[in-house]
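Please keep the sequence and the structure in view while reading.

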Amino acid sequence: MMADMKGNMENVLAGFEKQRAELDVNDPNQQATIELLDKQIASMKERIKQFDKNPMMDNLGNIMDMYIRIVETLLNESKGFSLAIEPKAEVMTILETYTALPGSELSKFLVADASGGKADKLINYLQDGAMMNLVGRLNKPMLQKFYGEVIGLMSVMSGGEMTDEDAIEMKEVTADIIDSVGGVMAMSVRANETAPPFTEDVIIEVSDGEKFNKAVLRGTELWKDSGFMDFYKGMGLEMDYVTQMNVYEYKGAKVNSATLGFKMAEPDSLEAQMIDKMYGDGFEYRWATVEGLCAAAVGGEADSAVKRLIDEVKGGGATETASDIQQAATMLGDGADDFFGTVNVVRMLKMISGMVPLPIPDISAESKSNIAFGGKIGEGKAVLKVAVPKAHIKEVITTIVPKPATE
């Protein structure tokens, strides 16, 4: 379909030009139609021109091939999917259960976490007012297999730009990173209405801090030198990733730094304008290993954020669970054995409105509710439980439905 897009546009253009040629330029009754066709012809020619200039078109086949492989795997190795919905007066609970075919690769992927770590061990690091919160077990056996498959798919998507040697090295360094972390993590993502679109605080349990930092540094350097970066260049997007270790010390913790920048080959293109609006100058990363934890901050004001996290870790962590998290946990109930989190659609819309123009009249109102989710993985099954409060649905409707005009 993507390959036929240009041909379809050319056929439409030919139709417009044929209609235009059949009209009499000297007939005043046909002038309005001629003017309309002239505009349509000029617009279609410009669309074809932009299509030809877009370097992404050459890579669409590889991208689609990757997604087709994912879909084929799901179709061939799935046993079933069930959905149960329980609506109540103030909350609707949704229970989704996916089961892989016994003995399939997917069933081997969906294995239980055997670390013994509690999913909510770091729950007090989650924050009120976040667009998304997530806490849970890392399930290292599953992560090892997952990223091994992902890197293989990246190699497919790059169309040979990432060599087999690159893929093998990337799998090795990813395995080292996963091996060096502990059993649990926590993450809070806050929405920004200006670029970059979000800030992210992450706390990860680390079993070997030295190995973790070495593997992260090796991985970023490998990523920069791999052919996958050339794949993005082929799409007209240049990415620059700069890492500096031990940039400064804060209260005995050595802080590391990284910067991810984006640059379009065509700076005046629509894509370049969107990238600039969405990501600005790019993302700043700061992280440090402190008392068996990696404290990391991503986005704007990363330095102040990572210092705040270091203070929190050294202080023994937050002593109370955020009110948003308490409300969500009560609403969700049991079933979040491996992971638990919240999603706030209103705050997500605020972020999106700062990235692309949307017909959202007023999103200044503060949201006071969240969607809660949690689940567990094991024995070839993945179970997801979601609790959607009526209060949040009302908040979303209030956000996206225009208010009536007042005199």
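Lys-145 and Glu-105 join their side chains in a salt bridge, with 3.1 Å from N to O; the term denotes a side-chain nitrogen of Lys or Arg within 4 Å of a carboxyl oxygen of Asp or Glu. Because Lys-145 belongs to helix α5 (residues 140-157) and Glu-105 to helix α4 (residues 105-109), the pair ties together parts that are 40 residues apart in sequence. Helices here are DSSP runs (H or I, at least four residues), numbered from the N terminus. Lys-145 is partly exposed at 25% relative accessibility, and Glu-105 is likewise partly exposed at 39%. In this scheme, buried means under 20% relative accessible area, exposed over 50%, and partly exposed in between (1.4 Å probe, protein chains only). A network of salt bridges links Glu-105, Lys-108 and Lys-145.

The model is predicted: local features need pLDDT of at least 70, side-chain atom pairs count only at pLDDT 80 or more, and totals for chains, interfaces and linings use all residues. Residues are numbered from 1 along each chain as its sequence is written, and side-chain values use heavy atoms, without hydrogens and water.

A second salt bridge joins Asp-179 and Lys-211 at 2.6 Å, N to O. Asp-179 lies in helix α6 (residues 164-180) and Lys-211 in helix α7 (residues 209-225), so parts 32 residues apart in sequence are tied together. Asp-179 is partly exposed at 40%, as is Lys-211 at 28%.

Are the partners Arg-347 and Asp-324 buried or exposed? Their closest N and O atoms are 3.9 Å apart in a salt bridge, which links helix α12 (residues 345-355) with helix α11 (residues 323-332). Arg-347 is buried at 10% relative accessibility, and Asp-324 is buried at 9%. Across the whole structure, the search finds 18 salt bridges.

Notes:
Helix = DSSP H or I, 4+ residues; strand = E, 2+ residues; numbered from the N terminus.
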